Amino acid sequence: MNRKKIENLIVKYLTNEANSADLDFLCMWMGNPKNEKVFESYVQTYFEVKLLMSEPDIEKIKKTLSQKIKKDKNPFFRYRLDRVLKYVAVLILFLGVYLYQKENTTNVSENSQLPVLVPKDEAITVQLEDGELYTIKSNGESTLKDAEGNVLGVQKKSQLRYGQNNNLSEAVYNILNVPNGKRFDVVLSDGTHVYLNSGTSLKYPVSFIKGEKRQVFLTGEAYFDVVEDKERPFLVHADDMIVKVLGTKFNVAHYSEEEHINTVLVSGSVELYDDQGNNNAAPTLLKPGFMAAWSKVNKDMSVENVDTRLHTAWMEGKLIFRNRTFKYIRSTLERYYNITIKCSNTELDQQRFDATFDIETIDEILETFNKSYAIDFSIQNNEVLIN
């Protein structure tokens, strides 16, 4: 494979376009000593940046990398100078992953005796209208019944499916809770499919009532594939924001620790409302490929064009971060792996990274950051402590 194609593969990796076959090829290709010259500029820049990071001087880092970028002819070095710091994080993490994988394929890690994090085992639960709590095993099968023995839903492994009950005259709600470290999905009585991410709670009627709006209440993150029904709009309540749809696919992220509630539209169209009694306020119309961010503090909405794959990758078990602070990343890792990460390094918390994780364990991810960014971490009482 010629140099141009190799460069294209690396660009694909950095822009999250690389598939598993691409990554396997790159790992093998980089293990060949004959290819070391191709990575000479990367390795040199990596060690220079790491040296500078030991005594952070932002202006010095910018100047050093600016000179490097101007001299290098590779396409992915042609970033504008105001994005240098983002480039630094990508490079360091990319090389760190490579060096970590290479070392672990030839030697037993010298840190192999470190304590291993074991995620807390918490159950997926469904709370019925009368307060009764059902525990669900995501790899099992069960039937959900009310106090009178009526079947509400049927669970098969990671999915709970409800049937339509036309005998109900008013909405009866259930609450599905998915703890950190797990994912689950539910098919509502109208056929709408909702995929719930870690640390998410969804309140919904066991059966939608004819002639009334279809309404659910979300805390956390969920991807909605809504069945179209022009006579009964579908409403998602997230704090003081309402997403109104007829039939579409979209993702809503509403975690309590985040400053914004983000709605990303994959297909169709949605309207977003401010649920504070201001009925005269015009709704925000969202188009496919755009994200609406509603500020919990300022109570206003902003809209921007986004890559929807970055916001829905969690459904495939992937974690993709683009220009995200380490504070945001560790918060996401806490939910995804159901662990606790405490960081006293405020400078690290504000550092931005581009990273993609797929099948890695939390221990592997921490060790990758340790080798690439030299973070000082320890594990105590099953908690990660970063100094």
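Mentor: We'll go from the whole chain down to single residues, keeping in mind that this is a predicted model.

Trainee: What does the secondary structure of the protein chain come to?
Mentor: The chain has 9 helices and 23 strands.

Trainee: And how much of the chain counts as buried?
Mentor: Of its 387 residues, 45% count as buried. The accessible surface comes to about 20600 Å². Carbon and sulfur atoms account for 47% of that surface.

Trainee: What share of the contacts join residues at least 24 apart?
Mentor: That share is 53%, taken among contacts between residues at least 6 apart in sequence.

Trainee: Switching to charges. How many salt bridges does a search of the whole structure find?
Mentor: It finds 8 salt bridges. One of them pairs Arg214 with Asp190, with the closest N and O atoms 2.5 Å apart. That pair links distant parts of the chain, 24 residues apart. Arg214 sits in strand 10, and Asp190 is in the loop between strand 7 (184-187) and strand 8 (193-196).

Trainee: Are Arg214 and Asp190 buried or exposed?
Mentor: Both residues are buried.

Trainee: What about Asp240, which side chain does it meet in a salt bridge?
Mentor: Asp240 meets Lys299, at 3.5 Å from N to O. Asp240 is in the loop between strand 11 (234-238) and strand 12 (241-245), and Lys299 is in the loop between strand 17 (290-295) and strand 18, so the bridge ties together parts 59 residues apart in sequence.

Trainee: How accessible are Asp240 and Lys299?
Mentor: Asp240 is partly exposed, with a relative accessible area of 22%. Lys299 is also partly exposed, at 32%.

Trainee: Which residue does Asp307 bridge to?
Mentor: Asp307 pairs with Arg309, at 2.7 Å from N to O. Asp307 counts as partly exposed because its relative accessibility is 29%. Arg309 counts as partly exposed too, at 41%.

Trainee: Which residues form the negative surface patch?
Mentor: The patch is made of Glu129, Asp130, Glu132, Glu148, Glu170 and Glu212.

Trainee: Where is Glu212 found?
Mentor: Glu212 is in the loop between strand 9 (200-205) and strand 10 (214-225). Its relative accessibility is 40%, so Glu212 counts as partly exposed.

Trainee: Now backbone angles. What is phi of Lys157 near?
Mentor: Phi of Lys157 is near 55°, a positive value in a residue other than glycine. Lys157 lies in the loop between strand 4 (151-156) and strand 5 (159-162).

Trainee: Is Lys157 buried or exposed?
Mentor: Lys157 is exposed, because its relative accessible area is 52% and the cut-off for exposed is over 50%.

Trainee: And Asn338, what is its phi near?
Mentor: Asn338 also has a positive phi, near 55°, and is not a glycine. Asn338 sits in the loop between helix 7 (326-337) and strand 20 (340-343).

Trainee: Why does Asn338 count as buried?
Mentor: Its relative accessibility is 3%, and buried means under 20%.

Trainee: Let's look at a few neighbourhoods. Where does Thr125 lie, and what is it in contact with?
Mentor: Thr125 lies in strand 1 (residues 124-127). Leaving aside neighbours within four places in sequence, Thr125 is in contact with Leu133, Tyr134, Thr135, Ile175, Leu176 and Asn177. Thr125 is buried, with a relative accessible area of 14%.

Trainee: What is Val303 in contact with, on the same terms?
Mentor: Beyond its neighbours within four places in sequence, Val303 is in contact with Thr284, Leu286, Phe290, Met291 and Ala292. Val303 lies in strand 18 (residues 301-305). Val303 is partly exposed, at 43% relative accessible area.

Trainee: How far apart are Val303 and Lys287?
Mentor: They are 16 residues apart in sequence and 9.8 Å apart in space, C-alpha to C-alpha.

Trainee: Last one. Where is Asn150 found?
Mentor: Asn150 is in the loop between strand 3 (141-145) and strand 4. Asn150 is partly exposed, with a relative accessible area of 43%. Leaving aside neighbours within four places in sequence, Asn150 is in contact with Leu144 and Lys145.

Notes:
Residues are numbered from 1 along each chain as its sequence is written. This is a predicted model: local features need pLDDT of at least 70, side-chain atom pairs count only at pLDDT 80 or more; totals for chains, interfaces and linings use all residues. Side-chain values use heavy atoms; hydrogens and water are left out. Patches are made of residues with over 30% relative accessible area and no salt bridge: like charges are joined within 9 Å, nonpolar side chains (Val, Leu, Ile, Met, Phe, Trp, Tyr) within 5 Å. Accessible areas come from the Shrake-Rupley method with a 1.4 Å probe; for residues, only the protein chains shown count as cover. A salt bridge is a side-chain nitrogen of Lys or Arg within 4 Å of a carboxyl oxygen of Asp or Glu. Lys and Arg count as positive and Asp and Glu as negative; His and the chain ends are not counted. The place of a charge is taken as NZ of Lys, CZ of Arg, CG of Asp or CD of Glu. Helices (H or I, at least four residues) and strands (E, at least two) are DSSP runs, numbered from the N terminus. Buried means under 20% relative accessible area, exposed over 50%, partly exposed in between (1.4 Å probe, protein chains only). Contact means heavy atoms within 4.5 Å.
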